[in-house]
Amino acid sequence: MQLVLQTGAHFTEQERLIKSVLRNKESFAQRGVVVPGPNSYRGLVRETLNAMRKTPASPQAREVLLDVMLDGSPADRLILSDANFFRTAGTAIQEGILYPAAAARMAHMAALFPDDEIEMYLAVRNPATFIPIIYDHAIDQSPAAFWGGRHPQDLRWSDTIADIREAAPNIAITVWCSEDTPLIWSQIIRELGGIDHHEKIIGGFDLLSTIMSKEGMERLRSYMHLHQDITEIQKRRVITAFLDKFALDDEIEEELDMPEWTDTLVDELTELYDEDMQTVERMDGVRIVAP
């Protein structure tokens, strides 16, 4: 079985994404793709992963989990989504490390499903905007606990992903930048479902409708209806043009409330983020979805 894990990160439209995927539940099911409601499995999976920190899971654990997730439905592909796969937002950064528990958690998932084909999907985000939010949610904001002697410039998504690859080398990883999500939303839904890019889905504009004016969305839908033969690349160019004109500033602009956060630092972190994504793109077993 193909087991798809959408692992966050936090504050990257995780919940909105799984809701869009769930809108396709019936059509996906016809293809052998099961999308259970998150509330049916998140607590059980978290409890299992937490318990595995102390003792290995029983040989029956896989079947117990699948019984709950599938609820009797046959499945070739199972989609699970939880921003807390790597633990909570309160521990997303500890001692200057992004998701320090991620590698161990994915190794536990690999141990739980040893004979299944596991795929991990991860949206990452510019540390310049991600760190302030995580700091605000951190369980321990003391310099020693949060930074551990490191600096904002030292945080790398590539370090976390490399640790996951080392701990669970058989898990294929797909990554995209949260900043690109409005342009690739429909592709991500298709990727999670394992369906071809030309096939119709529901919810391809779910995110755009929250960041674009009503007039803009009406014009965009009308344009897309009249130009159904355009390529995916052309479609993204059209979306970009509409966002330039009709985006809701209040929805796309963020206030970065972080001690000593300056424009210069934000620019520096953004440049380092771009370089880090190039590093991720070169990793074996990792694929990047980009506009």
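Me: Why is Glu15 called partly exposed?

Reply: Buried means under 20% relative accessible area, exposed means over 50%, and partly exposed lies in between (1.4 Å probe, protein chains only). Glu15 has 37% relative accessibility, so Glu15 counts as partly exposed. Keep in mind that this is a predicted model, where local features need pLDDT of at least 70, side-chain atom pairs count only at pLDDT 80 or more, and totals for chains, interfaces and linings use all residues. Residues are numbered from 1 along each chain as its sequence is written, and side-chain values use heavy atoms, with hydrogens and water left out.

Me: What makes Glu15 and Arg42 a salt bridge?

Reply: A salt bridge needs a side-chain nitrogen of Lys or Arg within 4 Å of a carboxyl oxygen of Asp or Glu. The closest N and O atoms of Glu15 and Arg42 are 3.0 Å apart, so the pair qualifies. The pair links distant parts of the chain, 27 residues apart: Glu15 is in helix α1 (residues 14–22) and Arg42 in helix α3 (residues 42–51). Helices are DSSP runs (H or I, at least four residues), and strands are runs of E with at least two; both are numbered from the N terminus.

Me: And why is Arg42 called buried?

Reply: Arg42 has 10% relative accessibility, so by the cut-off Arg42 counts as buried.

Me: How do you know that Arg23 and Asp206 form a salt bridge?

Reply: Their closest N and O atoms are 2.6 Å apart, so they meet the distance limit. This pair also links distant parts of the chain, 183 residues apart. Arg23 is partly exposed because its relative accessibility is 45%, while Asp206, at 19%, counts as buried.

Me: How many salt bridges does the structure hold?

Reply: The structure holds twelve salt bridges. Arg62, Glu63 and Asp116 are linked in a network of salt bridges.

Me: Why is Glu268 called partly exposed?

Reply: Glu268 has a relative accessible area of 35%, so Glu268 is partly exposed. You will find Glu268 in helix α14 (residues 263–281).
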